[in-house]
Amino acid sequence: MKSEVAESAIEILKQLIAFPTVSAEDNRALIAFAAEYLEAAGARTTITLDPTSTKANLFATLGPEGNGGIVLSGHTDVVPAPDQEWTSDPFLLQERGDALYGRGTCDMKGFIAAVLAMVPYYAELDLARPLHIALTYDEETGCLGARQLVQELKRDGIEPALAIIGEPTEMRVIEGHKGCYEYTTYFQGTDGHGSDPDKGVNSIHYATKFIARLLEIGEDLKGRAGPDSARYSPPWTTVQVGQIHGGIARNVIARDCEVEWEMRPVRVKDGEDVKTALNEYCDTVLLPQMQAVYPDAKIETEVIGEVAGLEVMPENEAREIAVALTGNAETDVVSFGTEAGLFQALDMAVVVCGPGSIRQAHQPDEFLEIDQLEACLSMLTGLGASLTKPART
Ligand SMILES: [Zn+2]
């Protein structure tokens with residue numbers, strides 16, 4: 001037997017799934033639908049567009065104005081489905097057995113549907129602090145929408161105190177995850193005949209020195225893992241080279257080389273330290289050697305994406321609230337990234353807690369168990385009660 005609010009969440013989820021909001025595609029129809037729904041329930045909404053004006057974020061508020069509120073955050077984009085074997089149309093919600101099937105059911109329109117289904121209830125409460133709902137674009141391609149949203153909150157002086165990011169955690173309370181920083185470093189030297197390598201600047205040779213230094217730094221990072229790293233697997237900040245492209249033939253000095261690499265910092269500081277150490281090595285060792293032969297030689301690093309981690313904090317009000325509401329006293333850390341670190345950078349207390357399993361995310365026949373949806377609705381109901389002013393006697 002489903003609860004009444006679950007019926008309403010499923011109805012909303014059906015509509016959300018029907019918007020094929022694949023990352024990098026237009027999500028404005030979904031945002032317009034959610035805005036209309038929220039406004040009808042009495043929420044104040046702001047829609048902002050991305051630089052191409054084809055994607056949008058929605059920020060809605062219920063309850064009082066001002067700072068110190070709580071944000072319920074979800075991304076509206078989903079990963080594509082075309083090359084996967086689906087039993088049914090991924091953009092048509094199907095209820096089979098005790099689960100709901102469709103692209104985005106668990107990652108993460110299920111959470112959004114649960115939040116929207118609670119809005120009429122929240123609107124009736126005498127809320128003691130603002131309750132915000134943040135729906136963002138393009139999380140799967142680097143948290144682009146959330147990045148824009150946090151900048152706008154900062155610009156507009158809106159300072160919520162807490163955030164719950166509803167990524168699928170099976171309603172476990174997640175208080176930390178590593179960051180994911182991705183880079184491409186380009187080396188440009190000068191070519192020449194392979195028989196006289198010292199007359200040219202071989203970019204591959206310099207790229208290998210760069211990689212050797214990166215790996216050395218990676219080894220150092222193992223040694224400085226603190227107690228806050230212990231719950232991660234592996235329990236330290238990692239670096240990794242994924243691809244190298246360079247050169248044109250065995251007997252030609254390689255003019256160009258590019259190295260695609262990444263790191264997964266446990267702490268923001270680790271990430272900063274790796275970048276500083278590499279820049280110093282390039283500026284004081286590699287570039288002077290390259291430019292001694294060829295003054296126009298270059299090393300340039302392009303930032304592909306820097307998704308900040310969520311650092312475990314000794315004090316975290318969002319964690320306390322989520323633990324109390326879910327009854328899951330044991331918190332955890334995870335290996336996947338979310339927009340949580342972006343909110344944490346605004347000095348907010350943040351946890352990740354949402355319905356469904358990350359194992360179903362991005363998979364064919366992605367599904368959300370109805371029990372998970374019910375558990376999320378029960379947390380959200382408790383949240384409403386905890387934000388309500390005590391009755392005056
Ligand atoms: Zn997600």
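Residues are numbered from 1 along each chain as its sequence is written, and side-chain values rest on heavy atoms, with hydrogens and water left out. Because the model is predicted, local features need pLDDT of at least 70 and side-chain atom pairs count only at pLDDT 80 or more, while totals for chains, interfaces and linings use all residues.

Of the 393 residues, 50% count as buried, where buried means under 20% relative accessible area, exposed over 50%, and partly exposed in between (1.4 Å probe, protein chains only). Among contacts (heavy atoms within 4.5 Å) with a separation of 6 or more, 81% join residues 24 or more positions apart.

The chain is divided into domain 1 (4-177 + 309-386) and domain 2 (180-307), with bounds that come from an automatic or database domain assignment. Taken over C-alpha atoms, the centres of domain 1 and domain 2 are separated by 37 Å. At the interface, 15 residues of domain 1 are in contact with seven residues of domain 2. Between them the two domains bury about 910 Å², 47% of it on carbon and sulfur atoms; buried area here is the accessible area (1.4 Å probe) that two parts lose on being put together, summed over both. In domain 1, Gly309, Glu311 and Val333 lose the most area to domain 2, together 46% of what that side buries.

The rule finds one salt bridge across the interface of domain 1 and domain 2, a salt bridge being a side-chain nitrogen of Lys or Arg within 4 Å of a carboxyl oxygen of Asp or Glu. The rule also finds five residue pairs in polar contact across the interface, both residues at pLDDT 80 or more. A polar contact is a pair of N or O atoms within 3.5 Å; within protein, one must be able to donate a hydrogen and the other to accept it, and residues adjacent in sequence count only if both atoms are side-chain atoms. On the side of domain 1 that touches domain 2, β8 (174-177) and β13 (332-334) are the elements that give two or more residues.

Within helix α4 (residues 144-155) sits Gln148, which is buried at 14% relative accessibility. A polar atom of the Gln148 side chain lies 2.9 Å from the backbone oxygen of Leu49. Leaving aside residues up to four places away in sequence, Gln148 touches Thr48, Leu49, Asp50, Pro51, Asn57 and Tyr137.

The structure holds 23 salt bridges. One of them joins the side chains of Glu175 and Arg231 (2.8 Å, N to O). Another pairs Asp196 with Lys199, also at 2.8 Å, N to O; Asp196 is partly exposed at 30%, and Lys199 is exposed at 66%. Arg213 and Glu216 form a salt bridge with their closest N and O atoms 2.7 Å apart. These two residues are separated by about one helical turn because they lie three residues apart in helix α5 (residues 203-223).

Conventions
Helices (H or I, at least four residues) and strands (E, at least two) are DSSP runs, numbered from the N terminus.
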